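Subject: Structure handover

Hello,

Please find the structure below. My notes on what was found in it follow.

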Amino acid sequence: MLGEELADLKLFTNPEKKIEDEKKYFEYYLDMQESVGKMVFKKKGFGGKSTTIDIAFPALHGTYGEDGTIQGMFEMLGVPYVGCGVAASAISMDKALTKIVMRDGGIPTTKFLYFEKRDWDNRKPEIIGQIQKLTWPVFVKPVHLGSSIGIGKAKDGDLKDLENKIEVALHYDNKVIIEEGVENVTDITCCVIGNEDLIASELQESVFNKDLFDFEDKYISDGGAQTGKATNNLIIPARIDESVKKAIQETAKQVYRALGCYGIARVDFLFDKQVNKFYANEVNPLPGTLYHHLWKASGIELDRLLEKLIKFAEEKHKEKKEITYTFDSSVLKNLGAGKMKGLKTRSGHTD
């Protein structure tokens, strides 16, 4: 969809809007022949005008938007783009892969195991046995979803409740992760921006009274904590010791580097208040609203944040252009000559 009117929120909230009114925004196609180092959209029909995109600023969340898919298209077209690359985006959107990278990188994270639907169907008793070895309560999560959708906390030792929570998670995804719960938990968020020289934001503490920080708390109640509007649910800076704060900020940078992030990403932590211990939990490679409320509290206003992110995108693109992706080789030529020589020999001819 393409059009200046798409920048007006009223276009989407107007109750009188009709589906047919949107047809004009679909009158463009991506001209692959012209899209080299840029994206060129042309209006359908004879003499249609062109619109050129010099740099992409993705704001598409979830599947296709922050899982590395659209980033791959930008890479193939050679278009500079804001945010994490293909690999970092794909790994961050897979909670199991994220935890594997953190665990193997020596980053503190809770114990976990994961399995796919076919595993659950074929060896359920074995998987339940493995889960029983974890410290309960445990959390059941769809691997690829965000916003706390499909997540459940299994009651201590209640295997029936555990199975129900797993079935719900498998309704939303074909891969599930089981994580040990953290008692006396506080949800802590830290954003990171940059390519080489990283900047960690102030820490945000999210307050909730349920078993988990759910979709209602994040996006609905009082305008949503994730949008920065539900001020009753947000405490910035977080109520933790300065030494712990600095340790979490450095760990957030460590996670960022381990996953190969650049541009911007958000790292969520679980903090046990009683024992003063924290665990890196999840990574969002494209934070909603760019978490501008947290950056504002960190001394960086939205306009300055946008400038920085575009600059990071341009720097990364320039760096990639300096890499050699092709090389001259006589391998194919030699292989071809050898093949032809072999054919001639077998046919009774010699050089």
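E196 counts as exposed because its relative accessibility is 53%; here exposed means over 50% relative accessible area, buried under 20%, and partly exposed in between, with a 1.4 Å probe and protein chains only. Accessible areas come from the Shrake-Rupley method with a 1.4 Å probe, and for residues only the protein chains shown count as cover.

Before going on, some background. This is a predicted model, in which local features need pLDDT of at least 70 and side-chain atom pairs count only at pLDDT 80 or more, while totals for chains, interfaces and linings use all residues. Residues are numbered from 1 along each chain as its sequence is written, and side-chain values use heavy atoms, with hydrogens and water left out.

The patch around E196

E196 sits in the loop between β8 (185-194) and β9 (199-200). Helices (H or I, at least four residues) and strands (E, at least two) are DSSP runs, numbered from the N terminus. On the surface, E196 gathers with D197, E314 and E315 in a patch of negative charge. Such a patch is made of residues with over 30% relative accessible area and no salt bridge, like charges being joined within 9 Å and nonpolar side chains (Val, Leu, Ile, Met, Phe, Trp, Tyr) within 5 Å. Asp and Glu count as negative and Lys and Arg as positive, while His and the chain ends are not counted. The place of a charge is taken as CG of Asp, CD of Glu, NZ of Lys or CZ of Arg.

The chain as a whole

The protein chain has 12 helices and 13 strands. It has 351 residues, of which 44% count as buried. Taking contacts (heavy atoms within 4.5 Å) between residues at least 6 apart in sequence, 62% join residues at least 24 apart.

A buried serine

S201 is in the loop between β9 and β10 (204-206). This serine counts as buried because its relative accessibility is 1%. Neighbours within four places in sequence aside, S201 is in contact with C190, C191, Q249, L294, W295 and S298.

Backbone points

Two cis peptide bonds should be noted. One runs from W136 to P137, with omega near 0°; P137 belongs to the loop between α6 (124-132) and β5 (138-142). The other runs from I236 to P237, also with omega near 0°, and P237 belongs to the loop between β11 (234-235) and α9 (242-258).

Y64 is not a glycine, yet its phi is about 75°. Y64 is placed in the loop between β3 (50-53) and α2 (69-77), and is exposed, with a relative accessible area of 59%. N276 has a positive phi near 55° and is likewise a residue other than glycine. The loop between β12 (263-272) and β13 (277-284) holds N276, which is partly exposed at a relative accessible area of 38%.

Salt bridges

How many salt bridges are there by the rule used here? The count comes to 22, a salt bridge being a side-chain nitrogen of Lys or Arg within 4 Å of a carboxyl oxygen of Asp or Glu.

- K175 and D94 meet through their side chains in a salt bridge, 3.1 Å from N to O. K175 lies in strand β7 (residues 175-180) and D94 in the loop between α3 (86-92) and α4 (95-104), so the pair ties together parts 81 residues apart in sequence. K175 counts as buried at 10% relative accessibility, and D94 counts as buried at 6%.
- E27 and K43 form a salt bridge between their side chains, 3.6 Å from N to O. This pair links distant parts of the chain, 16 residues apart, with E27 in the loop between α1 (10-13) and β1 (28-30) and K43 in strand β2 (residues 39-43). E27 is partly exposed, with a relative accessible area of 32%, and K43 is partly exposed at 31%.
- D121 and K117 form a salt bridge whose closest N and O atoms are 3.1 Å apart. Both residues lie in helix α5 (residues 117-122), four residues apart, about one turn of the helix. K117 is partly exposed, with a relative accessible area of 39%.
- K99, K141, E179 and E282 are linked in a network of salt bridges.

Regards
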